[in-house]
Amino acid sequence: MVQLPILVRRIQAAGHIAGVQLSRALDRNLAGPFVVYIEVTKKCNVRCQFCDIWIAKEETKNEMSTEDLLRLTADLKELGTKAVALFGGEALLRRDLFDVIAAMKRAGLYITLDTNGYLLPQFHERIDDSGVDMLVASLDGAREPLVDSLRGLPGTFKRTVEGLRLLRARNTKMKLVINTLIVRDNFRELLDVIRLGEELGIRNFRLLAFNSIYPYNMCGQQSMNLNLHPEELPELQEKIEEVIQYCKSRDLTLNPHEFLRGIPDYYSRNHPAVNCYVGYASLNIWNNGDVGYCVGIPGGVGNIRNTPLLDIWQSKEFAQRRSETMSEPCNKCYVACHLEQNYWFNPRLLMNRAMGRA
Ligand SMILES: C[S@@+](CC[C@H](N)C(=O)[O-])C[C@H]1O[C@@H](n2cnc3c(N)ncnc32)[C@H](O)[C@@H]1O
Ligand code: SF4
Ligand code: SF4
């Protein structure tokens, strides 16, 4: 039987989702952002081939302070936001991370933390004790040389696997998720990652499409060798289908299937446009405090360091810019967190999902 506090939270979440749907339909601010993605730092300790945040040193000089993040937390509570996703860069590089997480927990937020895994063995106990609800660790292959080469730092594979093993050995209550970015070097081995995850006791997996836009490509230094060639895309389709069927048969969770099946179309620049819900359902707070919504638009519509988020959210400027961006269906990106949330908020996609078509 579902416990009462969980039931209350589910009803509140359903009400919030309905508020976001109505907000978009009427182009009004009838509910606060359901989820806020917070880039707590752009500093990074690894050197991935597919993301060049680690090169953008200038961008790490003016990051939000502890006070900024605590003020932001209070505003999120007031806005009724339900969840925060803390990402980077590598969030574990922030010294005050666990103080901020403690404040977010007190504010009743559901907390997701993204990590590249390199520091997991060192921090696994603190993360587990901090109240983080979901830990998302990147693992782009099941072979050490492949992962270490994609991530540009020897030891990444071993440390990530070790960190996950240590968390499972603690019987962690956190939801553990493995994120795998699909690139040319690993697309034939996706199922191996799922099997490795299962061996580690992990039951939640996400496959991500390689995007070549902001915020992963800050300096134009991503390696373009990672793009699949057009003649490889039918095989990718097969591999994705294989993963979907495998996860179904083992009752493992995976991203929405319609999203996954659309990745080859995205790679051939041929995927359909969607009515995106960013700006209604979610916001991005960049490491310098800029408030954004769509990843296709670098920069922000205000900054939480000089204006409370509540005021930015209710401002005419924000409403106008969002309305302009969102008036047309869009197919400029395939960033998983942004597009996947559409499966919760876009009534057509939600319906497809409920009927098992997605
Ligand atoms: C921006 S990272 C932040 C967390 C951490 N630094 C990491 O890599 O896991 C969040 C997710 O985005 C993925 N990612 C990195 N570069 C990407 C790209 N060019 N396109 C799509 N996803 C990407 C990472 O693999 C990771 O799973
Ligand atoms: S993908 Fe993550 S780990 Fe890799 S460089 Fe970007 S932020 Fe760092
Ligand atoms: S799909 Fe379009 S509107 Fe939505 S986040 Fe991507 S670029 Fe922005």
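The shell around ligand 3 is made up of seven nonpolar, three polar and one charged residues. In this classification Ala, Val, Leu, Ile, Met, Phe, Trp, Tyr, Cys and Pro count as nonpolar, Asp, Glu, Lys and Arg as charged, and the others, Gly among them, as polar. The shell consists of Cys276, Val278, Cys294, Val295, Gly296, Thr325, Cys330, Lys332, Cys333, Val335 and His338; a residue is taken as near a molecule if its C-beta atom, placed from the backbone, lies within 6 Å of it.

The model is predicted: local features need pLDDT of at least 70 and side-chain atom pairs count only at pLDDT 80 or more, while totals for chains, interfaces and linings use all residues. Residues are numbered from 1 along each chain as its sequence is written, and chains are lettered from A and ligands numbered from 1 in the order in which they are written.

The strands and helices are DSSP runs numbered from the N terminus (helices H or I, at least four residues; strands E, at least two). Eight strands make an open sheet of mixed pairing, in the order β6-β5-β4-β3-β2-β1-β7-β8. The edges are β6 (204–209) and β8 (291–292), each with a single partner strand, so one side of each has no neighbour in the sheet. Strands are said to pair if DSSP finds at least two bridges between them.

Strand β1 (residues 35–39) is mostly covered, with five of its five residues buried. Buried stands for 20 or more other C-beta atoms within 10 Å of the residue's own, exposed for 12 or fewer, and partly exposed for values in between, with C-beta atoms placed from the backbone. Val35, Tyr37 and Glu39 point to one side of β1, and Val36 and Ile38 to the other. β1 pairs with β2 (residues 83–87) in the parallel sense over five bridges, and Val35 stands opposite Ala83.

Leu93 lies in the loop between β2 and α3 (97–106). Leu93 counts as partly exposed because it has 17 C-beta neighbours inside 10 Å. Leaving aside residues up to four places away in sequence, Leu93 touches Thr41, Lys43 and Asn45; contact requires C-beta atoms, placed from the backbone, within 7 Å.

In helix α4 (residues 120–130), Leu120, His124 and Ile127 are buried. Viewed down the axis of α4, the buried residues fall within an arc of 85°, so they line one face of the helix; the arc is that of the directions from the helix axis to the C-beta atoms. The exposed residues Gln122 and Asp129 sit on the face turned away from the buried side of α4. The buried residues of α4 pack against β3 (110–115), β4 (134–138) and α6 (156–169). Gly131, which follows α4, has a positive phi near 100°.

Notes:
Contact = placed C-beta atoms within 7 Å.
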